[in-house]
Amino acid sequence: METLLSPVVLFFVLGALAALVRSDLSIPEAVGKGISLYLMVAIGLKGGVEVAEAGFTLELLVAAAAGIALSFMLPLPVFVVLRRVGKLSSVNAAAVSAHYGSVSVVTFVTGLEILTRQQIPAAGYTVAVLALMETPAIVSGLLLAQRYGGAEPRPMGDLLHETLTNASVMLLVGSFSVGLIVGKDGFSPIAPVFEGAFRGVLCLFLLDMGLIAAKRLREGKSLTPRLIALAIAIALTNGMLGVLLGAAIGLDVGTAAALGILAGSASYIAVPAAMRLALPQADPGLYLGMSLAVTFPFNILVGIPIYIWIAQQVVQ
Amino acid sequence: METLLSPVVLFFVLGALAALVRSDLSIPEAVGKGISLYLMVAIGLKGGVEVAEAGFTLELLVAAAAGIALSFMLPLPVFVVLRRVGKLSSVNAAAVSAHYGSVSVVTFVTGLEILTRQQIPAAGYTVAVLALMETPAIVSGLLLAQRYGGAEPRPMGDLLHETLTNASVMLLVGSFSVGLIVGKDGFSPIAPVFEGAFRGVLCLFLLDMGLIAAKRLREGKSLTPRLIALAIAIALTNGMLGVLLGAAIGLDVGTAAALGILAGSASYIAVPAAMRLALPQADPGLYLGMSLAVTFPFNILVGIPIYIWIAQQVVQ
Amino acid sequence: METLLSPVVLFFVLGALAALVRSDLSIPEAVGKGISLYLMVAIGLKGGVEVAEAGFTLELLVAAAAGIALSFMLPLPVFVVLRRVGKLSSVNAAAVSAHYGSVSVVTFVTGLEILTRQQIPAAGYTVAVLALMETPAIVSGLLLAQRYGGAEPRPMGDLLHETLTNASVMLLVGSFSVGLIVGKDGFSPIAPVFEGAFRGVLCLFLLDMGLIAAKRLREGKSLTPRLIALAIAIALTNGMLGVLLGAAIGLDVGTAAALGILAGSASYIAVPAAMRLALPQADPGLYLGMSLAVTFPFNILVGIPIYIWIAQQVVQ
Amino acid sequence: MTLPGTERTRVEILVDAPLVPQIVTLLGKHAIRGHTVMPTLSGEGEAGTWDDDLITSAQHKVTVLVVAEPGKADAFIEDIRPLLDSYGLIVMLSTINVLRPEKFA
Amino acid sequence: MTLPGTERTRVEILVDAPLVPQIVTLLGKHAIRGHTVMPTLSGEGEAGTWDDDLITSAQHKVTVLVVAEPGKADAFIEDIRPLLDSYGLIVMLSTINVLRPEKFA
Amino acid sequence: MTLPGTERTRVEILVDAPLVPQIVTLLGKHAIRGHTVMPTLSGEGEAGTWDDDLITSAQHKVTVLVVAEPGKADAFIEDIRPLLDSYGLIVMLSTINVLRPEKFA
Ligand SMILES: Nc1ncnc2c1ncn2[C@@H]1O[C@H](COP(=O)(O)O)[C@@H](O)[C@H]1O
Ligand SMILES: Nc1ncnc2c1ncn2[C@@H]1O[C@H](COP(=O)(O)O)[C@@H](O)[C@H]1O
Ligand SMILES: Nc1ncnc2c1ncn2[C@@H]1O[C@H](COP(=O)(O)O)[C@@H](O)[C@H]1O
Ligand code: NA
Ligand code: NA
Ligand code: NA
């Protein structure tokens with residue numbers, strides 16, 4: 001409850017409300033895009049500076065491996081469920097499953113905010129885990145589409161290039177590295193922008209995301225009640241798996257919760273663009289509808305507190 | 001004089017100057033729009049937080065009622081003057097009168113800035129009054145157009161929906177509510193963006209508004225000297241009425257001045273969009289010319305100090 | 001080396017890297033343009049406030065005269081070298097030479113950053129020198145084009161108007177004047193935006209500039225190895241001349257280095273726009289390629305430290 | 001010169017942004033299912049010059065592109081005629097060829 | 001009415017932004033050297049309405065404008081046909097006149 | 001197929017933004033009263049590929065749309081011919097139908 005009353009979440013609700021009552025409120029696309037780039041740079045820098053302080057640890061490596069494994073593996077059960085229960089075509093199921101294996105930067109950032117508010121901060125290196133989890137799921141999804149959906153195989157080189165040079169990966173890894181190199185001292189002159197302004201800007205961004213998600217929910221033609229239910233169930237299951245894995249490898253409460261948030265979140269920036277390119281025959285209304293219009297708001301409003309609560313129960 | 005030397009006003013002058021000498025200086029529209037949304041959120045939050053501190057008072061209710069009354073009633077005398085003196089058609093006179101009943105957010109914000117500089121701050125709830133004054137005038141203007149201009153009546157439901165879900169109303173009321181809910185403690189983590197950065201960003205916005213207003217003044221074909229004179233006279237009269245009403249209902253100097261600034265200002269964001277939709281036969285060059293190219297700069301440079309001065313004389 | 005590890009430079013490298021590996025990372029044009037306007041306002045204000053503190057001095061006048069002289073004269077030797085060694089046509093050589101006589105605001109700002117980091121700050125009035133050096137080179141370049149390239153002479157009035165009302169000149173001179181008028185006290189309420197946020201925003205801008213410069217280097221068809229070598233040699237020579245002149249007129253180390261950075265930098269905002277208008281037959285791929293894709297990155301990564309080093313040797 | 005594809009009418013309407021929903025409602029009345037909105041930057045006409053500033057969105061102009069079967073397009077045009085002056089519309093009509101004609105029935 | 005210039009085929013393709021490189025590669029295959037990409041704002045079709053939010057760029061639509069010699073354009077069109085449904089393309093063809101026809105050989 | 005409205009010439013000029021005022025001055029010389037400027041995003045031609053970065057506005061391209069009476073359009077085109085190469089213009093001409101033809105006299 002207390003979570004729901006953070007300004008960040010309230011602005012998300014305000015945006016969603018404005019879209020639902022069909023207000024003409026809209027944030028210029030260039031501004032929204034600019035803010036999303038800013039958020040990635042800020043979070044990357046922050047993670048890098050924290051790792052520069054704490055040093056590379058074995059825990060970091062284990063958590064990174066866990067994240068990569070989740071991103072690679074989660075699309076498989078999701079694919080099966082979407083085929084069997086969701087009755088999706090193989091290509092569509094593969095495309096959607098890639099989204100759920102990958103992660104949502106904004107969900108993660110909102111989660112970090114809420115963890116910080118509750119004073120159970122996650123480790124700085126989770127930003128690196130975030131970056132590492134972005135793309136393995138894309139590879140899994142495409143392999144599924146080729147194996148079961150008859151999609152034409154794309155040259156492995158192209159695929160690797162696209163996933164590794166993807167804008168969010170470049171920005172997150174790049175800023176993380178800058179943070180690592182400059183450390184706390186180099187960071188302090190730019191801290192007013194990347195630390196001081198972070199939460200305020202996040203409010204504005206969630207206002208925009210509320211608008212975008214609710215508009216899509218209102219206008220999308222591809223979403224059925226069954227798919228909406230699946231979009232929630234998959235998020236919950238993945239999130240729980242993430243937390244459990246985190247607890248199993250010995251992470252603290254905040255960090256295990258963060259891994260749960262990552263696993264439970266679904267990409268709506270990097271993966272859709274990759275899928276539109278690699279699987280043009282899949283329906284973007286479907287995968288954006290599920291990840292952006294259902295899973296994203298669900299996680300912001302309900303999922304994050306649940307994953308945190310599970311982490312508090314499971315980690316001792 | 002001192003007022004004219006505040007950075008905010010100087011940047012307005014710089015923008016106007018650049019447009020008048022036909023400089024190629026221009027601020028990307030998306031950035032200008034983004035900044036205007038930011039200003040509304042910031043001012044809404046600030047008002048909400050202040051009311052959360054001060055509590056709902058009778059004074060607040062009285063001031064709100066006064067604001068709504070002003071917005072509803074001011075279009076009537078303005079309409080008469082525009083018909084008789086300004087020789088405008090009934091539809092045009094009705095459209096323009098709606099602008100003068102409503103308010104300009106930026107004029108208000110600049111006024112608050114100047115009041116703060118002079119250490120006679122207005123009450124936090126004036127932001128709520130601002131939001132409440134945005135739309136009643138639209139209704140008055142349309143009724144005038146239907147009664148005297150033969151404009152087709154629009155379904156009342158549509159009209160209410162448009163005026164209440166209007167972007168500025170949503171943002172102001174929404175952010176005000178967020179401010180109310182989170183209070184001072186919830187606000188402090190986002191204060192660097194919404195409070196610390198406020199004045200600097202306002203400078204950039206007034207630079208843009210100077211450009212836009214002066215360009216319109218230079219290029220507008222609908223403005224005659226008579227209409228320019230009227231745009232100033234109406235602002236002054238409305239502003240004075242606002243201050244007097246404020247004094248009459250017992251507001252302090254700063255708050256009475258703020259009510260004067262609201263009454264004296266003319267909308268150039270919400271109302272033009274509503275009029276373009278509801279009275280397409282009215283001339284947008286005319287109503288934007290008067291409100292944006294004449295009344296707005298007049299208020300920034302001359303009107304605000306006058307309304308403040310009157311308030312200082314009238315309120316004891 | 002230490003210079004290369006400042007966040008500002010690292011973000012430039014990140015942007016360039018992203019473009020070179022053909023990442024889909026891109027910053028919306030409106031945001032990039034908005035940031036560049038912000039930087040000019042911020043630097044102008046800062047300079048004005050500093051001069052308001054320090055007062056107008058003889059040194060200021062001498063430095064201004066030196067800057068104007070450099071901007072006027074440097075195009076001449078550059079023109080000769082481009083004709084003889086670069087084998088460019090007269091019109092192209094004239095157009096390129098105007099760029100090298102003029103200055104790059106971002107190179108200057110990055111230089112100031114690095115000087116501040118090394119605790120040898122330049123005088124506040126160098127911002128005025130920057131503004132004064134923007135346009136004389138345009139006049140020189142056009143005279144060269146008319147004299148040797150058979151370009152049609154443009155009416156002197158038009159030319160003066162365009163160079164003086166040019167967006168960067170307006171913004172720099174305008175904000176400098178605002179800074180002068182409001183002084184330190186008037187500046188402090190807006191300092192969070194124009195001072196506190198400055199370095200962080202500069203990082204984001206250099207990320208964008210890295211992308212833009214490297215993309216142009218990759219895609220440009222007009223650049224030959226010979227022209228690339230010339231773009232570096234001219235920068236180095238001009239920069240050295242600037243430092244020497246600064247030392248000769250008695251400037252301190254930081255200020256002499258700043259004059260070197262100005263002289264060594266090449267315009268890629270104001271001058272290209274002016275040249276496209278006045279000499280449409282010149283190849284924009286050529287002049288933007290040399291100034292933006294070669295000289296700009298060279299100065300950021302190598303040139304600035306060299307000019308500073310020279311200043312440290314020469315000024316005693 | 002013959003082009004591949006099937007002939008359809010292309011209608012382009014330059015209109016102030018706040019009035020687009022009205023145009024779309026009218027399209028719906030004629031069972032024209034699709035349209036695309038495109039941006040503009042600035043312009044000049046009898047009413048003077050304008051510039052998109054987005055802040056005073058009342059005069060922010062956009063182009064609505066509609067491809068439709070000729071009969072439907074004609075009927076739509078007749079319906080839009082009375083709005084031409086009050087809405088200040090600029091309407092351009094041409095014949096183009098489209099692939100997948102069934103989408104523009 | 002005769003226009004100045006030389007006839008060429010104008011091809012306009014409405015396509016999701018991530019697929020533009022594919023279109024450009026196909027142009028290259030047919031030795032069509034030039035193209036221009038233009039923005040859009042919003043639209044409506046069988047798949048529902050969309051709005052450019054740029055954040056979920058997968059459905060950010062743009063128009064690719066290609067002017068080409070008719071024979072080349074026809075061959076390119078044949079090659080693009082199989083992609084129409086899966087890519088969700090809207091293709092418009094018309095004949096226009098250009099100056100400097102050698103640029104659009 | 002006959003379209004409603006009256007025939008006019010539609011001229012579209014792809015041009016670098018700094019040169020637009022020159023084009024508009026030329027329009028004025030031929031008493032062509034109106035035009036609309038539209039944005040572009042990127043493109044490719046003989047001079048290589050470009051991308052609108054707005055910062056180096058020298059190569060920021062826009063499209064100028066002009067609808068005019070055929071005679072006037074032809075005269076304007078003749079006047080623009082000498083600029084084609086130095087300005088790097090792309091000019092497209094077509095015949096369209098307009099409503100309210102008196103606006104495009
Ligand atoms: N001849 C024309 N060619 C292209 N666009 C035009 C023309 N005339 C008017 N326009 C556009 O239509 C808008 C409204 O025209 P008007 O109603 O004449 O002011 C102008 O601002 C231009 O953007
Ligand atoms: N009749 C039409 N006229 C103009 N644009 C259209 C039309 N039909 C579809 N479109 C555009 O093409 C997009 C995809 O169409 P669809 O595949 O039918 O959803 C739509 O969102 C519109 O932007
Ligand atoms: N065949 C074409 N179709 C569409 N646009 C073109 C074509 N050729 C050139 N362009 C556009 O015109 C610009 C200048 O062309 P160029 O002078 O050949 O470099 C290009 O960058 C494109 O934006
Ligand atoms: Na996930
Ligand atoms: Na008012
Ligand atoms: Na220089």
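This report describes contacts between chains, annotated spans and ligand sites in a predicted model.

## Basis of the model

Because the model is predicted, local features need pLDDT of at least 70 and side-chain atom pairs count only at pLDDT 80 or more, while totals for chains, interfaces and linings use all residues. Residues are numbered from 1 along each chain as its sequence is written, chains are lettered from A and ligands numbered from 1 in the order in which they are written, and side-chain values use heavy atoms, with hydrogens and water left out.

## Where chain B meets chain D

Chain B brings 24 residues and chain D brings 22 residues to their contact, where contact means heavy atoms within 4.5 Å. Together the two chains bury about 1900 Å², with 58% of it on carbon and sulfur atoms; buried area is the accessible area (1.4 Å probe) that two parts lose on being put together, summed over both. Of the area that chain B buries against chain D, 32% is supplied by E29(B), R276(B) and L277(B), more than by any other three residues.

The rule finds two salt bridges across this interface, a salt bridge being a side-chain nitrogen of Lys or Arg within 4 Å of a carboxyl oxygen of Asp or Glu. R276(B) forms a salt bridge with D16(D), and the closest N and O atoms of this pair are 2.4 Å apart. Four residue pairs, both residues at pLDDT 80 or more, are in polar contact across the interface of chain B and chain D; a polar contact is a pair of N or O atoms within 3.5 Å, and within protein one must be able to donate a hydrogen and the other to accept it, with residues adjacent in sequence counting only if both atoms are side-chain atoms.

## The chain B side of the interface

On the side of chain B that touches chain D, at least two residues each come from α2 (29–54), α12 (198–219), α15 (270–278) and α16 (284–314), helices here being DSSP runs (H or I, at least four residues) and strands likewise (E, at least two), numbered from the N terminus. The largest share of that side, seven residues, comes from α12(B).

The residues of this side divide into 13 nonpolar, three polar and eight charged, where Ala, Val, Leu, Ile, Met, Phe, Trp, Tyr, Cys and Pro count as nonpolar, Asp, Glu, Lys and Arg as charged, and the others, Gly among them, as polar.

No contact joins chain C and chain D, and their closest C-alpha atoms lie 13 Å apart. Chain B and chain E are likewise not joined by any contact, with their closest C-alpha atoms 13 Å apart.

## Annotated spans in chain A

An unreviewed UniProt entry places the feature "transmembrane region" at several spans of chain A, including residues 94–116 and 227–251; UniProt positions are given in the numbering used here, feature names are shortened, and annotations may be inferred rather than shown by experiment. In the model, residues 94–116 of chain A are 87% helix and 0% strand, with end C-alpha atoms 35 Å apart, while residues 227–251 of chain A are 88% helix and 0% strand, with end C-alpha atoms 33 Å apart.

## Two ligand sites

Ligand 2 is surrounded by residues from chains D and E, so the site is shared between chains. The surrounding residues number 16, and the closest are T36(D), V67(D), K103(D), E46(E) and W50(E), a residue being near a molecule or strand if one of its heavy atoms lies within 4 Å of it. A nitrogen atom of ligand 2 is 2.8 Å from a polar backbone atom of V67(D), and an oxygen atom of ligand 2 is 2.5 Å from an N or O atom in the side chain of W50(E).

Ligand 3 lies between chains E and F.
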